[in-house]
Amino acid sequence: MKEETGAQKQGWQRTAVSVLLSAAVLALVWPLLKKGTFPLWELTGTLLGLLVLLPLVLRPRKAAKLPELLVHDLLLLLSASTVSLILTEYAVKGMSIGMQKSIWQGLLCYLAVYLILYLLCGRAHLAVCIGQGIFLVYLLIDHYVMLFRGTPVMLSDVLALRTALSVSGGYSAPVELSVLHVAAAAVLFCACVCLMRRKWRVGRLWTLPVAAVLAVCVFGGLQITGTGIGFWQSSRSYSELFYFLRCAANTVVQKPEGYGADRIGEIAAEYTGEAGVQQPNLIVVMNESFADLRVIEDFETNEDYMPYVRSMAGMENTITGNLLVSTFGGGTANTEFEFLTGDTIGFLPFSSSPYQMYIKQQMPSLASRLAEQGYDTVAMHPYLASSWNRERVYERFGFARQLYEEDFAADAERVRYRISDSEDYRKIYELYENKEPGKPLFMFNVTMQNHGGYEPADYPNYEDRIWLTGEYEGQFPDVDVYLSLLRYSDDAVRELIEYFSAVDEPTAIIFFGDHQPNVDSTFYDTLFGDTDETRTRESKQRKLQTPFFIWANYDIEEEQGVQISDNYLAAYALDKLGCGLSGYDQLRLAAHENVPRINSYGYFTVDGAWHDASTVGDEPALSDYRIMQYAHLFGGKNRPDGFYNAP
């Protein structure tokens with residue numbers, strides 16, 4: 001009788017401890033749902049709180065049968081996934097997620113990991129404890145990487161762990177209250193699960209129904225919430241694990257054949273760079289969505305939408321042509337990346353976003369090499385600094401200054417709701433007039449005026465100036481808006497050229513569009529005469545072309561109809577302008593002679609033949625280029641930085 005009483009007492013003590021632990025877990029987790037952006041989504045926060053609570057309160061009876069135990073396993077794995085989601089989001093970015101659906105995307109990703117652990121362990125409590133340990137380590141790493149670098153941890157960081165450890169000595173990891181908070185919550189949750197009064201032995205075969213239900217939840221849930229990422233958005237728009245896993249597929253880049261220190265040295269010795277005879281002010285304008293849709297097929301308008309830019313063909317000291325880019329309707333930063341680094345998206349995984357995935361530390365760029373030559377280097381974008389991780393990337397590229405929308409006057413001229421190209425260029429004039437005398441200026445300017453969408457509306461500071469006529473009149477109102485915006489841009493280009501035509505210092509302007517606009521797809525289909533689904537990859541290249549020009553207020557050789565891709569443009573322009581060339585410039589110009597255009601879809605050889613991206617490794621003219629691009633992005637300490645800088 002005494003033994004029975006002792007067992008009962010021990011049982012009550014165990015239950016009391018378990019209840020206290022459950023209360024402690026809830027006390028640590030529940031308040032986090034009131035932080036960051038989560039109060040905006042009250043129902044979502046309440047549902048997440050219930051998912052944490054249910055298996056801690058609705059525990060199986062001591063004599064529970066198999067179905068009851070399996071249901072509890074299911075609830076417990078859901079609870080563990082929710083706890084991991086909440087703790088990670090709190091530790092890394094204070095529960096601030098830009099999109100509500102990404103909360104559920106993240107939960108499903110955590111659930112998928114716990115499902116795998118459940119199948120491997122055959123025991124829910126083991127899966128929970130192992131999973132909590134894994135995600136605790138993950139969130140701590142992600143927390144400190146975000147603290148030190150400002151961007152989340154990526155698969156490439158894991159693969160470069162040795163390099164990360166070698167540089168980590170320069171950092172000290174402060175023990176913060178948030179870190180202690182999440183660690184305590186994770187440990188207490190595991191203790192609470194292990195002390196539950198239930199039998200855990202469920203036949204491994206019977207775990208399959210639970211696994212099947214969870215698999216359906218994960219697969220079906222991701223079908224509903226979607227798996228895509230808008231890479232232009234900050235990583236803060238997404239839950240951490242979802243962002244990590246979604247980017248992981250596009251993160252790994254294989255070393256090209258022949259890559260090694262010896263071959264890198266041989267290539268660097270072959271291309272040694274060349275000193276220039278000019279050091280002009282360099283004004284680079286990457287104009288948002290600036291494109292001539294007549295490269296696809298001709299169509300009628302009430303008047304020309306880019307008369308001045310078109311008139312520059314044949315103008316004195318001017319080179320004009322078409323630029324092949326890797327993106328359509330968006331992906332501005334990829335066009336930036338190719339121009340500023342000279343690297344091509346064609347050697348990287350399709351749909352990758354280098355600004356988020358690969359630019360993790362200082363690296364040679366057009367900005368850094370011009371800074372070494374005494375240039376004042378300025379990056380400007382009259383919109384948000386957070387888009388595309390630009391602030392950190394520009395810093396790593398070596399820009400001395402960055403200007404964004406907040407650097408413009410409150411009453412700055414706008415077209416629709418965005419700072420106009422004319423106002424944008426007036427800021428360039430201001431920077432030029434106030435620069436240090438004798439110090440050349442390098443300005444990299446990403447405009448914003450023509451950004452989509454283009455649906456007709458009662459826009460401020462805007463009037464319809466161009467519209468389709470003939471057979472398309474009135475059919476595509478968004479195209480009319482877009483073409484009218486081009487006319488505003490064309491007028492601003494004329495102002496830009498006229499201003500710098502009057503200055504005494506040698507100055508050059510490199511102007512190009514980042515991509516074609518995402519207007520009504522039916523308009524494109526009508527011009528092509530087919531649909532995107534039936535269009536070949538070669539035919540699609542017409543949607544990946546934008547105009548470019550190189551203009552100087554001093555003597556350069558005129559050219560028209562130049563066909564080139566974005567990755568070559570900086571080297572080509574510097575060569576034509578008489579500026580110094582790096583070894584990497586010379587290498588790219590040599591590749592350009594045989595492969596004049598390349599993008600993420602494939603490449604054109606000098607005979608005009610199109611080759612799909614899958615064959616890029618078989619093209620001899622690109623072999624050395626691939627090796628030195630890999631060294632540029634991923635070479636680390638083995639990267640010969642001097643090769644990428646002009647002598």
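The model is predicted, so local features need pLDDT of at least 70 and side-chain atom pairs pLDDT 80 or more, while totals for chains, interfaces and linings use all residues. Residues are numbered from 1 along each chain as its sequence is written, and side-chain values use heavy atoms, leaving out hydrogens and water.

**Exercise 1.** Classify the ring pair of Tyr114 and Phe135.

*Solution.* Rings of Phe, Tyr and Trp (its six-membered ring) pair if their centres lie within 6.5 Å; planes under 30 degrees apart are stacked, over 60 edge-to-face, and the rest tilted. The whole structure holds 37 aromatic pairs. In this one the centres are 5.6 Å apart and the planes at 45°, so the pair is tilted. Next, locate the partners: Tyr114 is in helix H4 (residues 100-121) and Phe135 in helix H5 (residues 124-149), 21 residues apart. Helices here are DSSP runs (H or I, at least four residues), numbered from the N terminus. Finally, both Tyr114 and Phe135 are buried, meaning under 20% relative accessible area (1.4 Å probe, protein chains only).

**Exercise 2.** Find which residues of helix H19 (residues 521-528) are buried, and on which side they lie.

*Solution.* Start with the list: Phe523, Tyr524, Leu527 and Phe528 are buried. They span an arc of only 130° around the axis, which places them on the same side of H19; the arc is taken from the directions from the helix axis to the C-beta atoms. Then look past the helix's end: Gly529 follows H19 and has a positive phi, near 85°.

Conventions. Helices (H or I, at least four residues) and strands (E, at least two) are DSSP runs, numbered from the N terminus. Buried means under 20% relative accessible area, exposed over 50%, partly exposed in between (1.4 Å probe, protein chains only).
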